[in-house]
Amino acid sequence: MLTRLLALGVVIGVAGWWLLASGNDVPEAVVAAPAVPAPAGESSQAGPGSTGINVAPAERAPAAAADVGRPAAGATVAPGPSGLLLPVQGITAAQLQDTFTDARSQGRVHDAIDILAAEGTPVLAVADGTIEKLFDSERGGLTVYQFEPGGTYCYYYAHLQRYADGLAEKQVIKRGDVIGYVGHTGNASPDAPHLHFEIHRLGPEKQWWKGESLNPYPVLRGEQALP
């Protein structure tokens with residue numbers, strides 16, 4: 001019996017040596033790794049290069065809320081759709097009040113906005129154009145009628161304390177030029193100096209004293225373009 005066991009051992013040893021010498025590899029056993037359940041709310045599908053084991057992703061930072069309507073830092077804020085400048089120096093759009101439909105004496109409607117400011121505050125041209133008429137009226141006091149270059153619109157400035165030095169009819173002016181100063185001439189109260197400002201859409205006759213009245217309030221605030 002012992003002799004048979006020794007002989008069997010020799011045969012196994014020789015067979016093993018022959019397999020190693022011949023270069024034949026013994027394949028390794030393939031063991032399937034058990035799938036690990038994905039965390040709740042995460043996909044269990046393995047992506048390219050995945051080991052088949054799902055790992056919970058790193059915690060994501062919350063998305064920043066969008067600053068709707070707020071320009072990025074350093075950006076230049078474009079003028080409103082009308083492109084008109086506020087006609088009183090130092091006054092912002094937030095300070096404007098809509099007085100367009102306010103009642104006036106003798107059943108009239110205002111057809112303008114009043115921009116309150118200190119006496120003598122510079123009044124600025126809202127756009128490029130031409131001084132069509134300088135007029136001293138009973139109600140408006142010292143007034144300026146300005147036509148824009150295309151002759152479609154007329155801008156009317158009233159209750160001025162005085163005109164800018166050298167201002168003259170048919171003079172070409174640029175947006176932002178000083179054309180006068182806030183006052184209370186005409187029927188304005190000396191206790192409330194202000195600029196009375198109107199916008200008219202002119203007819204084909206281009207008459208400075210006539211035209212369709214447009215509300216300056218939404219236009220100056222950049223909320224509405226001139227029609």
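This is a predicted model: local features need pLDDT of at least 70, side-chain atom pairs count only at pLDDT 80 or more; totals for chains, interfaces and linings use all residues.
Visitor: Which pattern does the protein follow, read along the sequence?

Guide: Helices (H or I, at least four residues) and strands (E, at least two) are DSSP runs, numbered from the N terminus. The protein has two helices and nine strands. Read along the sequence, they give α-β-β-β-β-β-β-β-β-β-α.

Visitor: What share of the residues is buried?

Guide: Buried means under 20% relative accessible area, exposed means over 50%, and partly exposed is in between (1.4 Å probe, protein chains only). Of the 227 residues in the protein, the buried share is 33%.

Visitor: How much of the accessible surface belongs to carbon and sulfur atoms?

Guide: Accessible areas come from the Shrake-Rupley method with a 1.4 Å probe, and for residues only the protein chains shown count as cover. The surface of the protein comes to about 14600 Å², and the part belonging to carbon and sulfur atoms is 57%.

Visitor: Among contacts between residues at least 6 apart in sequence, how many join residues at least 24 apart?

Guide: A contact means heavy atoms within 4.5 Å. Among the contacts between residues at least 6 apart, the share that joins residues at least 24 apart is 61%.

Visitor: Let's visit Thr121. Which residues does Thr121 touch, not counting those up to four places away in sequence?

Guide: Find Thr121 in the loop between strand E1 (113-116) and strand E2 (122-124). Thr121 counts as buried because its relative accessibility is 14%. Leaving out residues up to four places away, Thr121 touches Val88, Gln89, Gly180, Tyr181 and Val182.

Visitor: Which residue's backbone oxygen does the side chain of Thr121 reach?

Guide: A polar contact is a pair of N or O atoms within 3.5 Å; within protein, one must be able to donate a hydrogen and the other to accept it, and residues adjacent in sequence count only if both atoms are side-chain atoms. At 2.7 Å, the side chain of Thr121 reaches the backbone oxygen of Ala118.

Visitor: And Thr99: which residue's backbone nitrogen lies 3.2 Å from a polar atom of its side chain?

Guide: Thr99 sits in the loop between H1 and E1. With 11% relative accessibility, Thr99 counts as buried. The backbone nitrogen lying 3.2 Å from a polar atom of the Thr99 side chain belongs to Asp114.

Visitor: Is Ala94 buried or exposed?

Guide: Look in the loop between helix H1 (2-21) and E1 to find Ala94. Its C-alpha is 7.8 Å from that of Arg221, though the two are 127 residues apart in sequence. The relative accessible area of Ala94 is 68%, so Ala94 is exposed.

Visitor: Is Val219 buried or exposed?

Guide: Val219 belongs to helix H2 (residues 216-220). Since its relative accessible area is 2%, Val219 is buried.

Visitor: What is the phi of Lys170?

Guide: Lys170 lies in the loop between strand E5 (153-163) and strand E6 (172-173), and at 54% relative accessibility Lys170 counts as exposed. Although Lys170 is not a glycine, its phi is positive, at about 70 degrees.

Visitor: What about the phi of Lys206?

Guide: Lys206 is in the loop between strand E8 (194-201) and strand E9 (212-214). With a relative accessible area of 35%, Lys206 is partly exposed. Lys206 is not a glycine, yet its phi is positive, at about 55 degrees.

Conventions. Residues are numbered from 1 along each chain as its sequence is written. Side-chain values use heavy atoms; hydrogens and water are left out.
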